[in-house]
Amino acid sequence: MQLSQIPVQTPTPFYYYNLELLKKTVQAAKSESAPYGYRVHYAVKANANPVLLRLISQQGLGADCVSGNEIRQALECGFPADTIVYAGVGKSDAEIELALQHDIFCFNCESLPEIQVIDGIAARLGKKARIALRINPNVDAHTHHYITTGIEENKFGIYLYDLEHVITEVAKLKQIELIGLHFHIGSQITDMTVFRGLCIRANEIQRQMKERGLFLPHINFGGGLGIDYNEPYEKPIADFQSYFATFARFFEPEPHQQIHFELGRSIVAHCGDLISKVLYVKEGKNRKFVILDAGMNDLLRPALYQAFHKIENISSDRPEEKYDVVGPICESADCFGKDVVLNETRRGDLIAIHSCGAYGEAMASRYNLRDLPGSVFQYPK
Ligand code: LLP
């Protein structure tokens, strides 16, 4: 990244988004999924910045939301209601009502009590709710345990041993139209054999459905496609080709079944960098600390998941040295990287933390009563 690209007068820290790269990424996701007729929804939770959302909706993706506010934001940013899917284990009555009033495409439901509540609210509003059952397929994503969601010890989805019972009960509900199945087994998955495992499990479930005489026109495989955090320049776009090809090869759809995906990280991660300024360089015992004006409140991933993000001093071409790069927050976890090789770093230098367009700004908080980070955009030429 070149310092000349950055608007240096902007107060730091801020997220810097390359909208040209975002556009190319969305187009890649579309062109790799189009041959199979797949429908891609953008998982708003990864980044709900309205500028990004508008660009993504203009490119024709649908939206995957997990709260009433995400539904509102998606609608305001141009996603048509009939492209919105709504997931979450804890949908409140007010959120369900909002989703019904806007006639969203589908609720991804995670338990029978939730479906019964949706039925009641839909009856009161005189609406019919389209739902998909989110199934916990008991497939291990082998990713960080905080972002694994498809095994039985997780809170997510309807457990396989419960499925028969849930389907029987749902059939009794007058305001509910069961249209599909939904899966999401975890995030930052780069091993395609995990998705092959999901397809094989989905095939088994489909067969059982068929034996029961049940045909569901929609199958949603969630998101989860990982990116390469080590090589943000060499591989700036996720491997959509292998991802969609895996589903095309291993999932056996019924005729006229529509397949959906909900991709978050793979759409927005690489287009965002966090730019911050060096406040101090402090000599510790056997190590040097670079203290930034960005902290774990601006970018939580390293502190929460020990996540790796490539770090670069974009102001310096001096010889390289090793540093621990930390923030100003009163927690030892407020560390972006240990033994990071940077060009010799001085007070006032600008530091770029790469590939944090996904779950960066979206997870920022005001911890320590700090201001939320700003956002700056590099528009397509
Ligand atoms: N669909 C559902 C139901 C989800 O729960 C998620 C993510 C997605 C789709 C999008 O998954 P993606 O394509 O982004 O992997 N904060 C964590 C990631 C949490 C993911 C939560 N669910 C992180 O920073 O790594």
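**Entry 1: the annotated site**

I began with the UniProt record, an unreviewed entry, whose "binding site" annotation covers R265, R301, Y305, E331 and Y359. These residues spread over 95 residues of sequence and are also spread in space, with up to 26.7 Å between C-alpha atoms. I noted that UniProt positions are in the numbering used here, feature names are shortened, and annotations may be inferred rather than shown by experiment.

I also wrote down that this is a predicted model, where local features need pLDDT of at least 70, side-chain atom pairs count only at pLDDT 80 or more, and totals for chains, interfaces and linings use all residues. Residues are numbered from 1 along each chain as its sequence is written.

**Entry 2: two of the annotated residues**

I found E331 in the loop between β14 (320-326) and β15 (335-343). Helices (H or I, at least four residues) and strands (E, at least two) are DSSP runs, numbered from the N terminus. Y359 sits in the loop between β16 (350-353) and β17 (374-378).

Is Y359 buried or exposed? Y359 counts as buried because it has 24 C-beta neighbours inside 10 Å. E331 has 14 other C-beta atoms within 10 Å, so it is partly exposed. The cut-offs are 20 or more other C-beta atoms within 10 Å for buried, 12 or fewer for exposed, and in between for partly exposed, with C-beta atoms placed from the backbone.

Leaving aside neighbours within four places in sequence, I saw that Y359 is in contact with A46, R265 and R301. Contact means that the C-beta atoms, placed from the backbone, lie within 7 Å.

**Entry 3: the core**

Next I looked up the largest nonpolar core, which has 99 residues; A74, I84, Y86 and I131 touch the most other members. Such a core is a set of buried Ala, Val, Leu, Ile, Met, Phe, Trp, Tyr and Cys residues joined through C-beta atoms within 7 Å. Strand β6 (residues 129-136) gives the largest share, five residues. The core lies between domain 1 (3-12 + 270-378) and domain 2 (19-269), because both give residues to it. Those domain bounds come from an automatic or database domain assignment.

**Entry 4: helix α3**

Which residues of α3 (residues 68-76) are buried? I listed E70, I71 and A74. Just after α3, I spotted G78 with a positive phi of about 100°.

Note on methods: Contact = placed C-beta atoms within 7 Å.
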